[in-house]
Structures are given as structure tokens and as C-alpha cells.
Amino acid sequence: MLTLLPLLSVFSVNAQNWYQQHQLTQIQRYSDIFESNINFYHTEKEVNKSSTKPSVTLIHGVGGSARDFEAIIPILAKHYQLLLVDLPGYGANKQNLEKTHYSPKNYAKALSELLPELVNKKNIIIGHSMGGNVSLQIALTEPELADKLILIDAAGFLNKFSYSKHLAANYVTDNLGFLDKKLPTLKRWMNSINSYMPDPSQVLLSKTGRKYILENNSSFISALAVINDELTELIRLKAPETHIIWGDKDQAMPVQIVPLLSYLLKTHSFNIIKDAGHSPQKQYPEQVAKQIIDFISYGDQSQLPTIKIVAKDITVDCKANGNPTDLNYSQYQQVTIKNCDNYKVSHLHADTLTLINASVAFEHLTLASEQSYAISLFKSDLEIWGGSIKGTAIAYVEQSQVEINGAELFVKTTPIFSNAPTKVHASLTQLYQNDTVTDWHGIIEVKCDNTINALCAKNSLVSE
């Protein structure tokens with residue numbers, strides 16, 4: 001074992017000075033928020049704000065460092081001035097164990113204060129995992145710092161309960177394909193567990209919890225903080241032109257988040273990389289670098305397919321060989337889906353939607369009902385990933401599961417009606433009712449009175 005010590009020492013030195021082999025210069029800036037220096041790595045010996053080259057700022061995620069982008073540095077450095085950062089608590093930075101809360105919000109504030117003197121007038125921000133969350137917060141709150149935004153497998157947008165459910169479901173899909181038909185049952189089971197599990201995150205993220213339970217471990221603190229963040233209002237600020245990159249086998253951040261972010265950030269520029277996991281910039285550096293360069297050079301080149309308008313009602317019954325995907329990019333009046341298990345529908349426009357014994361996920365769903373429920377559910381599982389729902393009430397729910405992510409809900413009466421107490425899972429969703437706006441991010445409890453089959457009349461946020 002002792003003979004390994006010199007090797008470990010050499011490895012440590014090489015790892016510490018990894019940036020030198022890429023001709024990067026290490027610079028430090030003091031952060032008032034973290035009361036310590038933050039290490040940056042720059043492709044130039046000195047910051048040249050008058051350069052005509054765009055600057056590109058790269059921000060890593062939980063458990064990582066600036067080195068997470070090492071594979072794409074040689075390609076990007078040919079075109080841009082690069083600025084990489086070791087976030088406080090990571091890489092070459094020392095931990096400030098007593099005072100620091102390693103949260104995306106604090107990281108964003110610290111970088112927003114330091115970046116103006118480090119980047120050019122045209123600056124593109126690229127964030128991976130938690131760094132995507134940090135990048136988005138910087139771009140939305142300090143738009144002059146982000147000419148464009150690129151998110152790579154970004155973290156922290158689903159509420160913690162939905163996050164755990166989809167993480168488990170995606171693991172089954174990727175590793176236990178023979179259980180695919182059981183996914184709706186698995187999701188219902190996870191919803192039930194999450195609805196009654198206590199939430200210890202506030203205790204863990206308190207100063208005492210960080211010190212004595214999480215032992216001031218920056219990765220533990222950041223990981224918990226990123227899934228505990230709530231950006232419902234912030235994410236609706238005007239975003240710069242945005243490109244999204246994701247690995248389709250990401251088992252850390254569910255790929256379902258892509259249409260959610262696409263809707264909220266008003267971008268159709270995204271690329272899901274086949275067989276890539278949580279760090280596609282490491283697995284497929286040439287492909288990721290090309291996407292980055294093309295997007296910076298040409299912007300969003302994507303074209304959304306035309307919506308096919310069909311002015312009639314339609315019923316899709318999978319027992320009669322119907323296929324809900326036929327509804328993609330189309331507009332109907334009343335849509336009914338029956339006996340269909342585990343389907344995805346994109347960009348459906350309709351007056352009303354009814355699910356009967358069905359399990360369907362809708363991406364960018366648009367419903368506008370003037371005189372009734374926009375959605376009626378009977379023994380069904382509904383997921384919405386971005387959308388606008390208008391109705392006298394949003395939904396009537398009977399023996400069904402409802403998850404609403406990244407949507408705007410416009411109602412005239414009670415939002416959710418049901419024939420029994422039920423719970424709605426929501427992330428980054430806003431309810432517009434009687435000139436008030438309410439953020440829905442967590443579990444929304446629908447309560448009933450004691451009358452048999454009474455319609456529920458109240459909804460309240462019971463868990464963040």
C-alpha cells in the first residue's frame with residue numbers, strides 16, 4: 001500500500017493542475033455570499049472584454065467541477081473565450097463549512113456578481129445538471145449576462161415527489177423492460193407513498209441539519225437543495241434564446257423534463273441524444289460541441305410541425321385498434337381516449353379532453369372549454385408536461401391520478417372536482433382564478449365534505 005502513495009501524490013498534483021494541459025489560466029475572485037475565493041479557469045491569460053469573440057461560461061453540477069467539461073474544451077476553445085468555474089464546495093475551492101448553504105440560488109447570486117468583469121459583452125451560458133438550474137437563474141434575473149442559454153440535463157424543476165416517481169419509472173423502462181406494462185401501476189404506487197411520506201428536507205437544509213446530519217458535505221447539501229428549489233414564478237420571466245441537450249438514458253434527471261422546459265422557456269430547440277446518460281458532454285463530446293457551436297452561430301433552426309385542424313369530436317379506443325399518437329399536432333373539439341395504456345401525445349389542441357381507463361402523458365397540451373370541465377377522468381392516469389388549460393373548472397376526477405407540470409390553469413370556479421378526496425401532483429404550474437395567481441408546486445389536496453359522492457369544493461397546497 002505504501003508503494004502507491006507516490007502515485008497517488010502524482011495523480012493528485014496532475015488532477016489539481018488539469019487545466020494547464022488545456023492552456024487555461026486559473027483566476028480567483030472573492031465572493032461576499034460565500035465569504036471565500038471562487039476559482040475560475042479562462043482560455044486567455046487576461047480577461048479581454050473588448051474581444052470580438054463571444055465568451056462562453058460553463059457551470060457544472062453536483063459532485064462535479066469545471067473538469068466536467070474537459071472533453072469539449074479543445075473544440076470550443078477554437079471559437080470562443082471560455083470561462084469555467086469550480087462552484088464553492090467543489091473542485092479547487094475550499095469549503096466554508098460554518099456559513100455556506102450550497103444551493104443553486106446562492107450559486108446564481110454569487111456568479112451574477114462576479115461574471116460582469118469576467119465575460120465579454122456577448123456571453124453564452126452553458127449549465128450541466130445543477131449547473132443548468134444555476135445558469136437558468138442567472139439568465140432570467142440578469143439577462144445582460146446571457147445572450148443565449150444552453151442547458152445540458154438540467155436539474156431541479158420537478159417537485160421532489162414527482163421527481164422520485166419518474167426516476168423510478170425510467171429505471172424500470174431502461175433496465176427492466178419486461179415490466180413496462182406495469183408502469184402505470186408503479187406510478188400510482190409511488191404517488192401513494194409520496195403523498196404520505198414526511199418531508200425532512202427543511203430540517204436537513206437548516207444550519208444545524210447541514211452541520212450535524214449532512215456533515216457539511218457539499219454534494220449532499222447541493223443535491224437536496226436543487227430538488228427542493230421552487231422556480232414557478234421565476235421561470236416565467238423572459239428567457240434568452242435557449243437550446244436543450246439531454247441524454248435519453250439519463251437516470252439522474254428524467255428526460256420527461258425536456259418538454260416541460262421547452263414549453264416554459266418557449267423553445268423548440270432541443271436534442272435528445274440516443275443512448276447518452278446524465279453527462280452527454282463526456283460520452284459524446286464531438287456531438288455535444290457541434291450542437292453548441294451550431295446553436296451559438298445560427299440560433300434555433302427547428303421548425304414546429306403545423307397543427308392539423310379537424311373541427312369535430314373524436315374518440316380513440318385502443319381496444320378498437322385506435323392509437324392516441326394519431327392526435328399529435330392536431331386540433332379537435334371534444335377528444336375522448338379509452339382503454340389506452342402508457343401513451344404519449346404531443347401538441348394536442350381541443351375544447352375538452354376525456355380519459356376513460358387510460359394512461360396518457362401529454363406534451364404541450366392546449367384545452368379551452370367555455371362551459372364545462374376542460375378535463376374529465378375516469379379510472380385514468382393523466383400527466384401534463386407543459387400546457388394551457390382553460391375551463392369553468394380544470395378537471396373532474398374519479399378514481400384517477402393527475403400530474404400537472406409546467407402549465408397555466410385558468411378557471412372560473414373550483415379548480416378540481418372529484419367524487420372522493422384525491423391528490424394532484426404539480427410542478428411549476430400556475431393557477432389563475434378570480435384575478436389571483438397561485439403557484440402549484442407539490443401535492444395539491446382536494447378535500448370533500450361528508451356527503452356520499454359529494455363534489456369536492458376546496459383545494460389547498462399541503463406540501464411544497
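**Exercise 1. In which order do the 8 strands of the open sheet run, and what kind of pairing do they have?**

Solution. Walk across the sheet from one side: the order is β1-β2-β4-β3-β5-β6-β7-β8, the sheet is open, and the pairing is mixed. Keep in mind that you're looking at a predicted model.

Next, check the two ends of that order. β1 (25-31) and β8 (270-273) are the edge strands; each has a single partner strand, so one side of each has no neighbour in the sheet. From one strand to the next, the twist averages 20°.

Now zoom in on one pairing. β7 and β8 run in the parallel sense, joined over 4 bridges. For an example, take Ile-245: its bridge partner in β8 is Asn-271.

Finally, see what lies on the sheet. Helix α4 packs there, touching β3 (55-59), β5 (123-128) and β6. The direction of α4 makes about 145° with that of β5.

**Exercise 2. Work out why helix α3 (residues 104-114) counts as largely enclosed by the rest of the structure.**

Solution. Start with the cut-off: a residue is buried when its relative accessible area is under 20%. Then list who passes in α3: Pro-104, Asn-106, Tyr-107, Ala-108, Ala-110, Leu-111, Ser-112 and Leu-114. That's 8 of the 11 residues, so the helix is largely enclosed.

**Exercise 3. Which residues touch the most other members of the largest nonpolar core?**

Solution. This core has 53 residues, and the ones to pick out are Phe-40, Leu-111, Ile-138, Phe-157 and Leu-261.

Then ask where the core comes from. Elements giving two or more residues include β2 (36-42), β4 (81-86), α3, β7 (241-247) and α10 (257-264). The biggest giver is α4, with 6 residues.

Leaving aside residues up to four places away in sequence, Leu-111 touches Phe-40, Ile-59, Val-85, Leu-87, Pro-116, Val-134 and Ile-138.

**Exercise 4. Is the pair of Tyr-19 and Tyr-41 stacked, tilted or edge-to-face?**

Solution. The ring centres of Tyr-19 and Tyr-41 are 5.1 Å apart, with the planes at 45°. Planes under 30 degrees apart would be stacked and over 60 edge-to-face, so this pair is tilted.

Where do the two sit? Tyr-19 is in the loop between α1 (5-16) and β1, while Tyr-41 is in strand β2, so the pair links distant parts of the chain, 22 residues apart. Both Tyr-19 and Tyr-41 are buried.

**Exercise 5. Are Phe-410 and Tyr-432 stacked or edge-to-face, and what else sits over the ring of Phe-410?**

Solution. Phe-410 and Tyr-432 are 4.8 Å apart, centre to centre, with 15° between the planes, and the pair is stacked. Phe-410 belongs to strand β20 (residues 401-411) and Tyr-432 to strand β22 (residues 422-433).

Then compare with the burial cut-offs. Phe-410 has 29% relative accessibility, so it counts as partly exposed; Tyr-432, at 27%, counts as partly exposed too.

The charged end of Lys-390 sits over the ring of Phe-410, 5.3 Å from its centre. Elsewhere, Lys-148 lies over the face of Phe-295, 5.3 Å from the ring centre.

How values were computed
Residues are numbered from 1 along each chain as its sequence is written. This is a predicted model: local features need pLDDT of at least 70, side-chain atom pairs count only at pLDDT 80 or more; totals for chains, interfaces and linings use all residues. Side-chain values use heavy atoms; hydrogens and water are left out. Buried means under 20% relative accessible area, exposed over 50%, partly exposed in between (1.4 Å probe, protein chains only). A nonpolar core is a set of buried Ala, Val, Leu, Ile, Met, Phe, Trp, Tyr and Cys residues joined through side-chain atoms within 4.5 Å. Contact means heavy atoms within 4.5 Å. Two strands pair if DSSP finds at least two bridges between them. Axes are lines fitted to C-alpha atoms, for helices over the stretch in contact, and angles run from 0 to 180 degrees between N-to-C directions. Rings of Phe, Tyr and Trp (its six-membered ring) pair if their centres lie within 6.5 Å; planes under 30 degrees apart count as stacked, over 60 as edge-to-face and the rest as tilted. A charge sits over a ring if NZ of Lys or CZ of Arg is within 6 Å of the ring centre and within 35 degrees of the ring normal.
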